[in-house]
Amino acid sequence: MTDSFLCFHGHFYQPPREDPFSGQIAREAGAEPYHDYNEKITAECYRPNAMLGNFDHISFNLGPTLAAWLAAHQRETYERIVQADRNNVARVGVGNAIAQSAHHTILPLARRRDKITQVAWGIASFEHRFGRKPAGIWLPEMAVDYETLETLLAAGLAFTVLSDEQVRGYTGGRAGPYRVRLSAGRSIAVFLRDRYISNQLSFDMLRFPDSKTWAAQALVSRGPGLSLVATDGETFGHHNPGGEHFLHNLLLRDAPSLDLQIVSLAQYLADHPPQVEVEIWEMSAWSCGHRLARWATGCECTPGDGRWKGALRRALDNLASEIDLVYVTEAQAVGADPWPLRDAYIAVVLGQMDGPAFMSAQGLGGLSTAAADRLLKLLQAELYRQRMYASCAFFFEELTRVEPRYSIANAARALMLVREATGEDLSHGFRRDLAVAVSSRVGMTGMDVYDTIIASAQADGYVQVPLYPR
Ligand SMILES: [Zn+2]
């Protein structure tokens, strides 16, 4: 038996697209002949990879928001992906799917209690789909700090994945797993992806005539231990047409012919506990080398004037604090512990129970109908306030793109729910903060974007209680 191992990990995720008022996805330009990019990428990537059985042989995470969409709209593909994990459990005793935090928030930029919620909701979503506890978790953009790793450990997770440039004490070449020391003598395992060969597949796959040529160049002389290719799953079929066959041949033909044994991360960890300790570079990520500035203040990862990013984040942070204050006050007034209550609320989001059943399960069944409705509305506001932090809003160069608009729309939905629940209108301050976020390309501000969102929600009849501007 060979002592050379290879793992392909696919991060399957799409920026969420649902309008937070209607729950519908608008027709998207560029997705033709499909209605939207979820459909297009399913046809190009998720479905063909599922039909070829590729999910059985890779390690993967399926973003909770994408999983929910696939479950509702692409049932066969969804079921094949879930079944791949079950097949691994049956075959080697360990599943090959790992969790992902819920809304693709850049966790080091989030407060601790939001880290806890994002991880708890990601784990709950995983258990809902895969019917078992996850051993590992994918961090959005691999963004990491020690508080994030402490949060993972406290949630019962054993490992995550980073890129090799994100750690100190790494001697190169092998994926580990390595040990990262945390507080109180505890530690967590991290796998390190091989940045060079991972990026080669992501960005240059089509320069190789076939997978065998790539494997002969990239995978020979690997030596003992584990090599890890970790990329966006959409690399295989969407970003690179035909990539699903490239992957299939690598997994089933080329790697074995080079005496490389294909494994999943969880399976490898079970047999190879970490031996070597490394330290992480805090505030690092796989797709920005500027201490997370891509999602915080703007950096040269995206061209042009990115100052709107800092202004948008300030607007979201201020609104989040205001929503939290309203929610915490209301929760405490009825004797509830606000943060554990919020963590548990994912059961309603996943459709495991309705609002009244949730209140009973939380020991709040004795509340008046009015008080229960108020608290449930504020919990819903907390959901949308989490969704507004999807990292995609900050990833690109332009404020008026669909991703920042999604973020602002979720903020609008959250503050509308606060207004309906308590009569408090948080939109004045939010609009003022958004006015500071300016698109230097088209001259629009975040406030202009917000106003168009409210106008269209009003026209569609979603605004029950008037919001400023009236
Ligand atoms: Zn950057």
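Predicted model: local features only at pLDDT ≥ 70, side-chain atom pairs only at ≥ 80, totals over all residues.

**Pockets, zinc and backbone**

Trainee: What volume does the second largest pocket have?

Mentor: About 650 Å³. A pocket is an open set of 1 Å grid points over the protein atoms alone, with protein on both sides within 12 Å along at least five of seven lines, and lining residues have an atom within 4 Å of a point. Volume is the space filled by probe spheres set on points joined across faces, edges and corners.

Trainee: Which helix gives the most?

Mentor: H14, with seven residues. By class, the lining has 18 nonpolar, seven polar and seven charged residues. Here Ala, Val, Leu, Ile, Met, Phe, Trp, Tyr, Cys and Pro are nonpolar, Asp, Glu, Lys and Arg are charged, and the others, including Gly, are polar.

Trainee: And the largest pocket, how much space is in there?

Mentor: About 840 Å³. Of its 32 lining residues, Glu141, Asp232, His239, Phe395 and Phe396 are the closest to the centre. Two or more residues come from each of helix H1 (37-51), helix H6 (195-204), strand S9 (225-232), helix H15 (392-395) and H16. That lining splits into 13 nonpolar, eleven polar and eight charged residues.

Trainee: How many cavities of 30 Å³ or more are there?

Mentor: The count is one, where a cavity is a set of grid points at which a 1.4 Å probe fits but cannot get out. The largest cavity has a volume of about 70 Å³. Among the residues lining the cavity are Leu62, Ile98, Gln100, Phe126 and Arg129. H2, strand S3 (97-100) and H4 each supply two or more residues, and H4 gives the most, with five.

Trainee: Is H16 mostly enclosed or open?

Mentor: Largely enclosed by the rest of the structure, because 17 of its 21 residues are buried. Buried means under 20% relative accessible area, exposed means over 50%, and partly exposed is in between, using a 1.4 Å probe and protein chains only. Gly423, in the loop between H16 and helix H17 (427-435), is partly exposed at 40%.

Trainee: New topic: which residues hold the zinc ion?

Mentor: Cys288 (SG), His290 (ND1), Cys299 (SG) and Cys301 (SG), at 2.0 to 2.4 Å. Donors are N, O and S atoms within 2.8 Å of the metal (3.2 Å for Na, K and Ca). Along the chain their spacing is C-x1-H-x8-C-x1-C.

Trainee: What geometry does the site have?

Mentor: Tetrahedral, with angles of 105 to 116° among the four donor atoms; the label requires all angles of four donors to lie between 85 and 135 degrees.

Trainee: Is Cys288 buried or exposed?

Mentor: Cys288 is buried, at 4% relative accessible area, whereas His290 is partly exposed at 30%.

Trainee: Last one. Which backbone spots would you look at?

Mentor: Most residues other than glycine have a negative phi, and most peptide bonds are trans. Pro33 sits in the loop between strand S1 (4-12) and H1.

Trainee: What about positive phi outside glycine?

Mentor: Ala184 has phi near 55° and is exposed, with a relative accessible area of 73%. Met283 also has a positive phi near 55°, and counts as partly exposed at 22%.

Key
Residues numbered from 1 in each chain as written. Heavy atoms only, no water. Tetrahedral: all angles 85-135°; square planar, octahedral: opposite > 155°, others 65-115°. Helix = DSSP H or I, 4+ residues; strand = E, 2+ residues; numbered from the N terminus.
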